[in-house]
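Please keep the sequence and the 3D view open while reading.

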Amino acid sequence: MPLERPYFPIIYVRGYAMTSGEVEHTVADPYMGFNVGSTKLRQQYPRRVVRHVFESPLVRLMKDEGYGDSFVDGTELPAHAVPKARAVWIYRYYEDASKELGSGTRHDIETYARGLLELIDQLHDRYVPGDRARHGTRSSAFRVYLVAHSMGGLICRCLLQQLSRHDARIDKVFTYATPHGGIDLRGIGNVPGFGINQSDVFNEGRMREYLRLAPDTPVNSLDGAFPEERFFSLVGTNHDDYGLARLAVGPMSDGLVRIPNAYVADAPRAFVHRSHSGHYGIVNSEDGYQNLRRFLFGNVRMDVFLDIETLTLPAAVQREKDAGHAIRADYHIDVIARVRGARWDLHRRTTNEGSAVLVDYDRHVKGRRPLHLASAFLSNQARVDLARPTLGFSLDVGVQVPEYQIDGMPFWTRDHYDGGFLFRDKVNLEATFGDDGRWSLRYGWDSAAPNAVQHDAVAASPIPGSWTFAVPVVQDTQPGIRAVLRLETRPWNEE
């Protein structure tokens, strides 16, 4: 069956199994967790559980995109059979660590990465016979997607950064809750490299070894081995619903991986209020699947920035500043991205959940540096209402009033109420791709008309093939804000 963009084969790489019992449980599952769904959705307020049936990423890929598995008659697809292009392959690297199905011996992460490379080579030979002999690993025909959870993402990075740099056969990589910056524990810092049951794979020093990183290179860097724009990190922000490990890791995490450690530098990422695993886990969630589906098969990428022009101070604080006192204020921005007609969030960062965007005043206001709020992938195929030609989505934006400091001391007045907002509103957006090959965007704020679009966004095209739209963000109060919400759109899944 021919391989046609964007429907390439998917290889799923599962995460870490700590104990021998977890290893046996893992290898007893044909899909190693990719088939696990959930019927529990944690409502944000009042934090009760509502019933929502998410069948699993595997089942949804079968139903929505026509994918199938790679098993037949009790084993993987036999060598003589022609594989489907839309197939999910499970990399069963833990099988040899099983005492029942293998030798019972764990291997190092480099061995697992070599096994993944061997699987890719085997699939290459099966999908495009003779192609490797002609083109080596830089085939013009064969492509594969890597989808990984937790440690599985580090196996993928070991492959990309040590064994097969610039391997064009790997088209995209999507990671759920991978500790790209290692695992940190409260009171200890980075997890020690003791090596018990391979736990040292999360130690920064060990990571630098198998990722081949120089001492001055950030550990979450791809180091030029793979295009950052084709590597997506999904970050969990719910530590409450994870196991006992959450006590050692603490808030601002998914219960195991701290938020700053859960993404690759300079690559697209989204945040969802999900835990590392479990009934409220990130893999078996609608939020996670919808990001996966749009990243792999969508046709539009959108990056959202806030260009801040001014942030005004309360009158009392401004008087202190005018008198020559040093003023400090840490601003937090909440941002939630949703698509039309859905009850789940595509992207969610809020102060209450410890994941808000932090404004550095010197960089983002004085220095006029754009503040990145979100990266989102949209898909015509995934529209809730296929009869409507527009792509509809919304952004909740809230800029919180900070705790102002005067000369390093907290400054409180009787007019300060904790949790106040300089700006808080939801903007609704509808994007249309015209017959002339141009994008247009309409927008409207809920404060003017809930769930409606009323205005045409100003468009520009600074980058060939992309379109940028500007939406004003204004609250002329004291304190207040004047800024521009800038949305950069570009085609996705085009050669």
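What volume does the largest pocket have? The volume of the largest pocket is about 1,100 Å³. The model is a predicted one, and every value below is computed from it.

## The largest pocket

The lining of the largest pocket consists of 35 residues. Y16, E22, Y242, H276 and S277 are the ones that lie nearest its centre.

Two helices, α1 (20–27) and α7 (245–249), each supply at least two residues of this lining. The most comes from α1, which gives three residues. By residue class, the lining of the largest pocket has 18 nonpolar, 14 polar and three charged residues.

## The second largest pocket

The second largest pocket has a volume of about 960 Å³. Its lining is made of 38 residues, and nearest the centre lie L358, V359, D360, H364 and L371.

Several elements give two or more residues to the lining of the second largest pocket. Among them are the strands β13 (269–272), β14 (300–312), β16 (331–339) and β19 (371–378), together with the helices α9 (315–322) and α10 (361–366). The largest share, five residues, is that of α10. In the lining of the second largest pocket, 18 residues are nonpolar, 10 are polar and 10 are charged.

## Packing of α5 and α6

How do helix α5 and helix α6 pack, and at what angle? Helix α5 spans residues 151–163 and helix α6 spans residues 204–211. They pack at an angle of about 45°, and their axes are 8 Å apart. Angles of 65 to 115 degrees count as roughly perpendicular and those under 35 as roughly parallel, so α5 and α6 are oblique to each other.

On the α5 side, the contact is made by L154, R157, C158, Q161 and Q162. On the α6 side, it is made by M207, E209, Y210 and L211. The contact of α5 with α6 contains five nonpolar, two polar and two charged residues.

## Packing of α2 and α8

Helix α2 (residues 57–65) packs on helix α8 (residues 286–297) at an angle of about 45°, with the axes 11 Å apart. The two helices, α2 and α8, are therefore oblique to each other. Their crossing is right-handed.

Which residues of α2 and α8 meet? From α2 come P57, R60, L61, D64 and E65, and from α8 come E286, Y289, Q290, R293 and F297. The residues in the contact of α2 with α8 divide into four nonpolar, one polar and five charged.

How values were computed. Residues are numbered from 1 along each chain as its sequence is written. This is a predicted model: local features need pLDDT of at least 70, side-chain atom pairs count only at pLDDT 80 or more; totals for chains, interfaces and linings use all residues. Side-chain values use heavy atoms; hydrogens and water are left out. On a 1 Å grid over the protein atoms alone, a cavity is a set of points where a 1.4 Å probe fits but cannot get out, and a pocket is an open set with protein on both sides within 12 Å along at least five of seven lines; lining residues have an atom within 4 Å of a point. Grid points are joined across faces, edges and corners, and a volume is the space filled by probe spheres set on the points. Helices (H or I, at least four residues) and strands (E, at least two) are DSSP runs, numbered from the N terminus. Ala, Val, Leu, Ile, Met, Phe, Trp, Tyr, Cys and Pro count as nonpolar, Asp, Glu, Lys and Arg as charged, and the others, Gly among them, as polar. Axes are lines fitted to C-alpha atoms, for helices over the stretch in contact, and angles run from 0 to 180 degrees between N-to-C directions. Angles under 35 degrees count as roughly parallel, over 145 as roughly antiparallel, 65 to 115 as roughly perpendicular and the rest as oblique. Contact means heavy atoms within 4.5 Å. A crossing is left-handed if the near helix is turned anticlockwise from the far one by less than a right angle, and right-handed if clockwise.
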